[in-house]
Amino acid sequence: MPEDLNNMYRVRGHVKWFDPAKGYGFVVSDEGGPDILLHVNVLRNFGQSSVADGAGIEIMTHRTDRGVQAVEVISVDPPARTDSMMLADFAELDPVVIAEAPLEAARVKWFDKGKGFGFANVFGRGEDVFLHIEVLRRSGLADLQPGEALAMRVISGKRGRMAAQVLAWEAALDE
(Lines give C-alpha, C1' and ligand atoms only; values in the text may rest on other atoms or scores of the structure.)
Protein backbone atom coordinates (compact mmCIF):
# COMPACT_ATOMS: atom_id res chain seq x y z
CA MET A 1 0.00 0.00 0.00
CA PRO A 2 1.37 3.45 -0.80
CA GLU A 3 2.67 5.52 2.08
CA ASP A 4 1.21 8.86 0.91
CA LEU A 5 -2.55 8.32 0.70
CA ASN A 6 -3.03 11.90 -0.50
CA ASN A 7 -1.60 10.92 -3.89
CA MET A 8 -4.30 8.34 -4.67
CA TYR A 9 -6.67 9.00 -7.55
CA ARG A 10 -9.86 7.27 -8.65
CA VAL A 11 -9.65 6.29 -12.32
CA ARG A 12 -12.25 4.87 -14.68
CA GLY A 13 -10.96 3.12 -17.82
CA HIS A 14 -10.62 -0.22 -19.55
CA VAL A 15 -8.22 -3.14 -19.39
CA LYS A 16 -5.72 -2.87 -22.23
CA TRP A 17 -4.46 -6.39 -21.53
CA PHE A 18 -3.96 -8.67 -18.58
CA ASP A 19 -1.88 -11.86 -18.44
CA PRO A 20 -2.46 -14.01 -15.34
CA ALA A 21 0.67 -16.06 -16.12
CA LYS A 22 2.84 -12.92 -16.04
CA GLY A 23 0.94 -11.61 -13.03
CA TYR A 24 0.14 -8.16 -14.41
CA GLY A 25 -1.47 -6.11 -17.15
CA PHE A 26 -2.33 -2.52 -17.97
CA VAL A 27 -5.33 -0.22 -17.73
CA VAL A 28 -5.99 2.76 -20.00
CA SER A 29 -7.77 5.69 -18.33
CA ASP A 30 -10.85 7.18 -20.01
CA GLU A 31 -9.17 10.57 -19.41
CA GLY A 32 -5.98 9.57 -21.27
CA GLY A 33 -2.50 9.60 -19.83
CA PRO A 34 0.06 6.85 -19.28
CA ASP A 35 -0.88 3.17 -19.00
CA ILE A 36 -1.61 2.09 -15.43
CA LEU A 37 0.01 -1.08 -14.07
CA LEU A 38 -2.48 -3.60 -12.67
CA HIS A 39 -0.75 -6.28 -10.59
CA VAL A 40 -2.45 -9.64 -10.00
CA ASN A 41 -2.29 -9.15 -6.21
CA VAL A 42 -4.41 -5.99 -6.50
CA LEU A 43 -6.90 -7.92 -8.63
CA ARG A 44 -6.90 -10.83 -6.14
CA ASN A 45 -7.73 -8.41 -3.33
CA PHE A 46 -10.87 -7.65 -5.35
CA GLY A 47 -11.59 -11.39 -5.51
CA GLN A 48 -10.56 -12.21 -9.09
CA SER A 49 -7.49 -13.88 -10.51
CA SER A 50 -8.01 -12.50 -14.01
CA VAL A 51 -9.87 -9.84 -15.95
CA ALA A 52 -10.89 -9.82 -19.62
CA ASP A 53 -9.16 -7.54 -22.10
CA GLY A 54 -11.45 -4.60 -22.83
CA ALA A 55 -13.33 -4.90 -19.53
CA GLY A 56 -14.38 -1.62 -17.94
CA ILE A 57 -12.63 -1.02 -14.65
CA GLU A 58 -12.64 1.52 -11.84
CA ILE A 59 -9.50 1.64 -9.71
CA MET A 60 -7.65 3.68 -7.14
CA THR A 61 -4.19 4.58 -8.43
CA HIS A 62 -0.94 5.89 -7.05
CA ARG A 63 1.91 7.59 -8.90
CA THR A 64 5.34 6.12 -8.18
CA ASP A 65 8.84 6.77 -9.50
CA ARG A 66 8.22 3.94 -11.99
CA GLY A 67 4.82 5.20 -13.20
CA VAL A 68 1.17 4.94 -12.24
CA GLN A 69 -0.13 1.74 -10.69
CA ALA A 70 -3.44 0.47 -9.39
CA VAL A 71 -3.61 -0.04 -5.63
CA GLU A 72 -7.29 -1.07 -5.39
CA VAL A 73 -9.94 -2.34 -7.78
CA ILE A 74 -13.34 -0.80 -7.10
CA SER A 75 -15.39 -2.39 -9.88
CA VAL A 76 -15.11 -4.41 -13.09
CA ASP A 77 -17.65 -4.40 -15.93
CA PRO A 78 -17.68 -6.98 -18.73
CA PRO A 79 -16.29 -5.82 -22.07
CA ALA A 80 -18.76 -4.36 -24.55
CA ARG A 81 -20.41 -7.16 -26.47
CA THR A 82 -18.85 -7.99 -29.76
CA ASP A 83 -20.27 -9.92 -32.68
CA SER A 84 -18.89 -13.09 -31.18
CA MET A 85 -20.95 -16.19 -31.69
CA MET A 86 -23.50 -16.93 -28.98
CA LEU A 87 -23.36 -20.41 -27.52
CA ALA A 88 -26.07 -22.65 -28.96
CA ASP A 89 -27.30 -23.44 -25.44
CA PHE A 90 -28.21 -19.78 -24.91
CA ALA A 91 -29.49 -18.92 -28.39
CA GLU A 92 -33.12 -19.69 -27.57
CA LEU A 93 -33.08 -18.34 -24.00
CA ASP A 94 -34.49 -14.97 -23.08
CA PRO A 95 -31.70 -12.86 -21.46
CA VAL A 96 -34.20 -11.93 -18.73
CA VAL A 97 -34.50 -15.63 -17.79
CA ILE A 98 -30.73 -15.81 -17.35
CA ALA A 99 -30.62 -12.54 -15.36
CA GLU A 100 -33.36 -13.80 -13.03
CA ALA A 101 -31.67 -17.14 -12.34
CA PRO A 102 -30.44 -17.28 -8.73
CA LEU A 103 -26.75 -16.87 -7.98
CA GLU A 104 -25.21 -20.15 -6.81
CA ALA A 105 -22.03 -20.34 -4.72
CA ALA A 106 -19.35 -22.47 -6.40
CA ARG A 107 -15.65 -23.32 -6.52
CA VAL A 108 -13.65 -23.91 -9.68
CA LYS A 109 -12.77 -27.60 -10.06
CA TRP A 110 -10.52 -26.96 -13.06
CA PHE A 111 -10.39 -24.60 -16.04
CA ASP A 112 -8.18 -24.88 -19.13
CA LYS A 113 -8.03 -21.58 -21.01
CA GLY A 114 -6.40 -23.32 -24.01
CA LYS A 115 -9.28 -25.77 -24.32
CA GLY A 116 -11.78 -23.00 -23.60
CA PHE A 117 -13.70 -24.74 -20.84
CA GLY A 118 -13.69 -26.25 -17.38
CA PHE A 119 -15.95 -27.22 -14.50
CA ALA A 120 -17.06 -25.91 -11.13
CA ASN A 121 -18.75 -27.53 -8.14
CA VAL A 122 -21.82 -25.79 -6.75
CA PHE A 123 -22.01 -25.82 -2.97
CA GLY A 124 -24.34 -28.57 -1.77
CA ARG A 125 -24.72 -30.28 -5.15
CA GLY A 126 -22.99 -33.36 -6.47
CA GLU A 127 -22.85 -32.63 -10.19
CA ASP A 128 -20.34 -30.46 -12.00
CA VAL A 129 -21.31 -27.26 -13.81
CA PHE A 130 -19.77 -26.64 -17.24
CA LEU A 131 -17.87 -23.34 -17.66
CA HIS A 132 -17.23 -22.02 -21.19
CA ILE A 133 -14.59 -19.38 -22.01
CA GLU A 134 -17.14 -17.23 -23.86
CA VAL A 135 -19.30 -17.03 -20.73
CA LEU A 136 -16.22 -15.91 -18.78
CA ARG A 137 -15.42 -13.21 -21.34
CA ARG A 138 -19.00 -11.93 -21.31
CA SER A 139 -18.76 -11.88 -17.52
CA GLY A 140 -15.52 -9.83 -17.55
CA LEU A 141 -13.13 -12.67 -16.68
CA ALA A 142 -10.31 -14.18 -18.72
CA ASP A 143 -9.26 -17.27 -16.75
CA LEU A 144 -10.04 -19.17 -13.54
CA GLN A 145 -7.85 -20.95 -11.01
CA PRO A 146 -8.69 -24.23 -9.23
CA GLY A 147 -10.40 -23.52 -5.92
CA GLU A 148 -11.40 -19.98 -6.88
CA ALA A 149 -14.72 -18.93 -5.30
CA LEU A 150 -17.45 -17.88 -7.73
CA ALA A 151 -21.11 -17.04 -7.89
CA MET A 152 -22.81 -18.36 -11.01
CA ARG A 153 -26.19 -18.17 -12.69
CA VAL A 154 -26.70 -21.75 -13.89
CA ILE A 155 -29.07 -23.06 -16.56
CA SER A 156 -29.91 -26.53 -17.78
CA GLY A 157 -28.43 -26.76 -21.25
CA LYS A 158 -28.58 -29.45 -23.90
CA ARG A 159 -25.57 -31.15 -22.29
CA GLY A 160 -26.42 -30.62 -18.62
CA ARG A 161 -25.97 -27.78 -16.16
CA MET A 162 -23.84 -24.91 -17.38
CA ALA A 163 -22.89 -21.45 -16.19
CA ALA A 164 -24.68 -18.65 -18.02
CA GLN A 165 -23.01 -15.89 -15.97
CA VAL A 166 -19.96 -16.00 -13.70
CA LEU A 167 -19.09 -13.47 -11.03
CA ALA A 168 -16.16 -13.24 -8.68
CA TRP A 169 -17.42 -14.11 -5.20
CA GLU A 170 -16.75 -10.62 -3.79
CA ALA A 171 -18.51 -8.95 -6.73
CA ALA A 172 -21.55 -11.19 -6.22
CA LEU A 173 -21.87 -10.05 -2.60
CA ASP A 174 -22.75 -6.56 -3.90
CA GLU A 175 -25.63 -7.88 -6.05
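Two strands count as paired here if DSSP finds at least two bridges between them. Keep that in mind as we walk through this predicted model, starting with strand β1, which covers residues 8-19. β1 pairs with β2 in the antiparallel sense, over 6 bridges. One spot to look at is Trp-17, whose bridge partner in β2 is Phe-26.

Let's stay with Phe-26 for a bit. Phe-26 sits in strand β2, residues 24-29. Skip the neighbours within four places in sequence, and Phe-26 is in contact with His-14, Val-15, Lys-16, Trp-17, Asp-35, Ile-36 and Leu-37. There's also Ala-70, which lies 44 residues away from Phe-26 along the chain, with 9.1 Å between the two C-alpha atoms.

Ile-36 takes us on to the next pairing. Its bridge partner in β5 is Val-68. Strand β3 (residues 36-39) and strand β5 (residues 67-77) run parallel, joined by 2 bridges.

On β5 there's another pairing to follow, this time with strand β4, residues 56-64. These two go antiparallel over 9 bridges, with Ile-59 bridging to Val-73 in β5. β4 and β5 form a hairpin, with 2 residues between them.

Now step back and look at the whole arrangement. The 5 strands close into a barrel, in the order β1-β2-β3-β5-β4, and the pairing is mixed. From one strand to the next, the twist averages 50°.

Key
Residues are numbered from 1 along each chain as its sequence is written. This is a predicted model: local features need pLDDT of at least 70, side-chain atom pairs count only at pLDDT 80 or more; totals for chains, interfaces and linings use all residues. Side-chain values use heavy atoms; hydrogens and water are left out. Helices (H or I, at least four residues) and strands (E, at least two) are DSSP runs, numbered from the N terminus. Contact means heavy atoms within 4.5 Å. Axes are lines fitted to C-alpha atoms, for helices over the stretch in contact, and angles run from 0 to 180 degrees between N-to-C directions.
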